[in-house]
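Have the sequence and the model side by side.

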Amino acid sequence: MNGHDGTVWYLQIQEEVVGTAVILRLEGRVSSATSGDLARALDQPCDGTRGAVVVDLSAVDYINGQGLSVIEAAAARLRAADRELIVFGLCPVVATAFDLSGAAGRMTVESSRKSALTRAGLNES
């Protein structure tokens, strides 16, 4: 749903497999209304046997505390399984939310898709 000012209030999630990593590309807003969708989308790759889970936030213009908690919980589950959650593409507003909450210090944040895949041990052609 779009607001009258062009603000996006939905969250779309696309999954892509690259080598041993799962990439979740998010578009829209991660809010209390959409964080359940994000949690469900993270469940399968976090419980699976693949390597890293990479979360592309480059098309996300808002994230609240509940959304950050969902991502942090997934990162903790992956760490417990000796795997990694890597996020990238934080716009200034989302980066500020990560910084203020302390989430940026508790998970791997990369600046680009290429650096995130490199961190995951993959090279993308």
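In which helix is L38 found? L38 sits in α1. The model is a predicted one. L38 counts as buried, because its relative accessibility is 0%, and the cut-off for buried is under 20%. Leaving out residues up to four places away in sequence, L38 touches L11, I13, L26, V30, G67, V70 and I71. Take I71 from that list. It lies 33 residues from L38 along the chain, yet the two C-alpha atoms are separated by 8.2 Å.

That pair leads to the packing of two helices. Two packed helices are described by the angle between their axes and the distance between the axes. Here the axes of α1 and α2 come within 10 Å. They cross at roughly 10 degrees. Angles under 35 degrees count as roughly parallel, so α1 and α2 are roughly parallel to each other. On the α1 side, the contact is made by S35, L38, A39, L42, D43, P45, C46 and D47. On the α2 side, Q66, G67, V70, I71, A74, R77 and L78 make it.

Now follow α2 itself. The helix covers residues 65-80, which is 16 residues. What covers them?

Look next at the start of α2. A side-chain oxygen of N64 reaches to within 3.1 Å of the backbone nitrogen of Q66. N64 belongs to the loop between β3 and α2. Is N64 buried or exposed? It counts as buried, because its relative accessibility is 14%. The side chain of N64 also joins that of S32 through a polar contact of 3.1 Å. Neighbours within four places in sequence aside, N64 is in contact with V30, S31 and S32.

The other end of α2 gives another picture. Just after the helix, D82 takes a positive phi of about 60 degrees. D82 is a residue other than glycine. It lies in the loop between α2 and β4. With a relative accessible area of 74%, D82 is exposed, because the cut-off for exposed is over 50%.

Turn to the interior. In soluble globular proteins, nonpolar side chains tend to be buried together. The largest nonpolar core of this model has 27 residues. Which of them touch the most other members? They are L26, L42, L85 and F98. At least two residues of this core come from each of β2, α1, β3, α2, β4 and α3. The largest share, 6 residues, is supplied by α2. There is also a second, separate core of 11 residues, and its members include I23, A52, V54 and L117.

Apart from neighbours within four places in sequence, L85 is in contact with L42, V53, V55, I71, A74, A75, L78, M107 and T108.

Two of these partners deserve a visit. V53 is placed in strand β3. Its relative accessible area is 0%, so V53 is buried. Not counting residues up to four places away in sequence, V53 touches V22, L42, P45, C46, L78, R83, E84, L85 and I86. V53 and A80 are 27 residues apart in sequence, and their C-alpha atoms are 14 Å apart in space.

T108 is the other. It lies in strand β5 (residues 108-110). T108 is buried, because its relative accessible area is 14%. Its side chain makes a polar contact of 2.5 Å with the side chain of E84. With neighbours within four places in sequence set aside, T108 is in contact with E84, L85, I86, V87 and R119.

The walk ends with L117, one of the residues of the second core. Its place is in helix α5 (residues 113-119). L117 counts as buried, because its relative accessibility is 1%. L117 and D37 are 80 residues apart in sequence, with 24 Å between their C-alpha atoms.

Notes
Residues are numbered from 1 along each chain as its sequence is written. This is a predicted model: local features need pLDDT of at least 70, side-chain atom pairs count only at pLDDT 80 or more; totals for chains, interfaces and linings use all residues. Side-chain values use heavy atoms; hydrogens and water are left out. Helices (H or I, at least four residues) and strands (E, at least two) are DSSP runs, numbered from the N terminus. The expected span of a helix is 1.5 Å times one less than its number of residues. A polar contact is a pair of N or O atoms within 3.5 Å; within protein, one must be able to donate a hydrogen and the other to accept it, and residues adjacent in sequence count only if both atoms are side-chain atoms. A nonpolar core is a set of buried Ala, Val, Leu, Ile, Met, Phe, Trp, Tyr and Cys residues joined through side-chain atoms within 4.5 Å. Buried means under 20% relative accessible area, exposed over 50%, partly exposed in between (1.4 Å probe, protein chains only). Contact means heavy atoms within 4.5 Å. Axes are lines fitted to C-alpha atoms, for helices over the stretch in contact, and angles run from 0 to 180 degrees between N-to-C directions. Angles under 35 degrees count as roughly parallel, over 145 as roughly antiparallel, 65 to 115 as roughly perpendicular and the rest as oblique.
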